[in-house]
Amino acid sequence: MTVCTAILNRCVPGGCCRVLCGVTRPLMHIRSASVPEPGTRRSDEDRPWEAAGCLPFSRARTGSFFQDRPVLKNPFLEDTLLRGYLRRHLPQEAAFSDLCAFGERVAKEVDEWGRDCEVTPPQLVHFDPWGRRVDHIVTSPAWKRMKDLSAQEGLVAIGYERPCGEWSRVYQMSKLYIFSPSSGLYTCPLAMTDGATKVIQVLKESVEEAFSRLTTRQPERFWTSGQWMTERQGGSDVASGTETVAVPQTDGSYKLHGFKWFTSATDADMTLTLARVQDSTGATTPGSRGLSLFYAEVSRGEDGCLRGIEVQRLKDKLGTRQMPTAELLLDGLPAHRLSEEGRGVASIANMLTITRIHNSVSAAAAMRRQDTTHTTVVQLARDYATRRTAFGKLLKDHPLHMQTLARMEVQTRGAFLLVMDVCRLLGREESGIAMQLDTHLLRLLTPVVKLYTGKQAVAVVSEGLECFGGQGYIEDTGLPGLLRDAQVLSIWEGTTNVLSLDVLRCVSRSSGMVLHAYFTHVKFLLAGSSSVSSLAPAVKAVDGALSELEEFVQVAATRAPSYLELAARDLAYSLARIYTGALLIDHACWKGASPTDTYTALRWCEQDLCPVATTQTRGCYDLNTVPLDAALVYDQPIQGNN
């Protein structure tokens, strides 16, 4: 051993080296809070930790405290509201056993796949090594496992096998509710697949092979579907924004030519898309009357190139980065017309119902469960509160923190019951037992549940990140991705304003019958609570809000259409809050309800349940507010004012 090596090995106990190659290096002293009197000197006894070489933060020592992460447990067993709802409406042991087993698989296996999907986002490979254009979208192995899992677990198939009759959609959506936060966004292609399956089933066109593949439980046969509607000129406004043309072929098929601006889950096996049929002169019909619905398979030729498709680029999105979203050039894509010519927009109505319900399920699920990798909010923020200590006590022992979590929980429970009731209505319609009231409610509540839960999810997830303090802002916890992913829920399948106007169209086209069904059913839900005194304040609040809503509708019917347009968003919020309040009251009345269910209903009804009536009294929907709003937004002079 050399002299230098011997010197290097001379270390004080605990590993703090005092001498380096003959050069004396002083130990770093960390002052304690107490300061000796001037002129005195600390003895070794005063500094036992220093004398022993146990400096807590020297060199690689970073301290002994490490915060425990929240732990994801079986999401089915942890969700008392979900289990209580199903016990009340779907007491089938087979469904319970399946959901319990699936919840265990999600916690122990699938959740990690979802994280892999996020850290390994899709990549676009334009060319092979020899320069040939191939446009391969390369996804992670975990993304492919999600596809196999979706087939095996029947995440689409259950809705069409209908093992639970009219409650089959509730069963299917309960499973997706468990899956969604851990799915790595694979619920998006499943939503579009379910929507496409519904369209094919309703139109009864000659694409039986596609229907079979979309609903199979065999992974090797299972297909997912895309939904290629959005073009450069418009998203929701497909009537004026669709430029893609369909050129008839001699065999009765078509070839599509156009540019699709957003195509989510672009690695799908097939797609539905809108296009305008060209006549013999090359002319097309403008507006919605010129749009037809087409079915196309995504395939490759013998040369390995996509048939009739070029992938221009993958979108660089705020969130949902786990899923490929691309711009596509359709250059002769072989296609089959599904709808009658000019009936494309009407034909996708069923698809929009399905995808909007899926969106709502994902929103409710995002609020319900959160872990530190990539899932959701309330359940594991609750778990974190039992592990994190601040100011001398656990977070769960701080009343203000628990109040915040309770408010999040109330929003989450309300969203869940609203979503599941719309699923119930869908199941009744598909089973052929829906009354006219059910049909009207489904039409009205589908845009309402989508727009309201989308907004709820963003707010609750944002609040949930705060529950983790600074860790909620750190990328490798996975928490910031939750907020990015939640933001799409209020955008995809119609923004809040677009859907609010859809509510008005629904009211107009039904001559107000959807509102009549709404008022009737809310009163029915409240009727069962008359003997429950503990719910009296909530019942009074909902009943009063319902009366205010009826008065608003009567007043609005005498005003110009622009009056209702200005009130559309507040009207939709009022419909959601009142109906959800009635559902919470009804759920608190069944024999298996708990005191927590009662408390949830009471807390929900503390908010303004009818904001459209409250805002109406302030004159905010009067026509004179329109130029004032524009002047405010564009900082222009207000006419009539100096």
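Modeller: Helices are DSSP runs (H or I, at least four residues), as strands are (E, at least two), numbered from the N terminus. Here, leucine 623 sits in the loop between helix H22 (611-616) and helix H23 (625-633). A quick note on the source: this is a predicted model, where local features need pLDDT of at least 70 and side-chain atom pairs pLDDT 80 or more, while totals for chains, interfaces and linings use all residues. Numbering starts from 1 along each chain as its sequence is written, and side-chain values use heavy atoms, leaving out hydrogens and water.

Colleague: Is leucine 623 buried, partly exposed or exposed?

Modeller: Buried means under 20% relative accessible area, exposed over 50%, partly exposed in between (1.4 Å probe, protein chains only). Leucine 623 has 49%, so it counts as partly exposed.

Colleague: And how many salt bridges does the structure hold?

Modeller: Look for a side-chain nitrogen of Lys or Arg within 4 Å of a carboxyl oxygen of Asp or Glu. The structure holds 34 of them. One joins arginine 368 and glutamate 409 at 2.5 Å, N to O. Arginine 368 is in helix H12 (residues 349-368) and glutamate 409 in helix H14 (residues 399-430), so the bridge ties together parts 41 residues apart in sequence.

Colleague: Are those two buried or exposed?

Modeller: Arginine 368 is buried at 3%, and glutamate 409 is buried at 14%. Both also belong to a salt-bridge network with Asp79, Arg413 and Asp597.

Colleague: Which residue does aspartate 622 pair with?

Modeller: Arginine 559, with the closest N and O atoms 4.0 Å apart. Aspartate 622 is in the loop between H22 and H23, and arginine 559 in the loop between helix H19 (536-556) and H20, 63 residues apart. Aspartate 622 is partly exposed at 32%, and arginine 559 is partly exposed at 39%.
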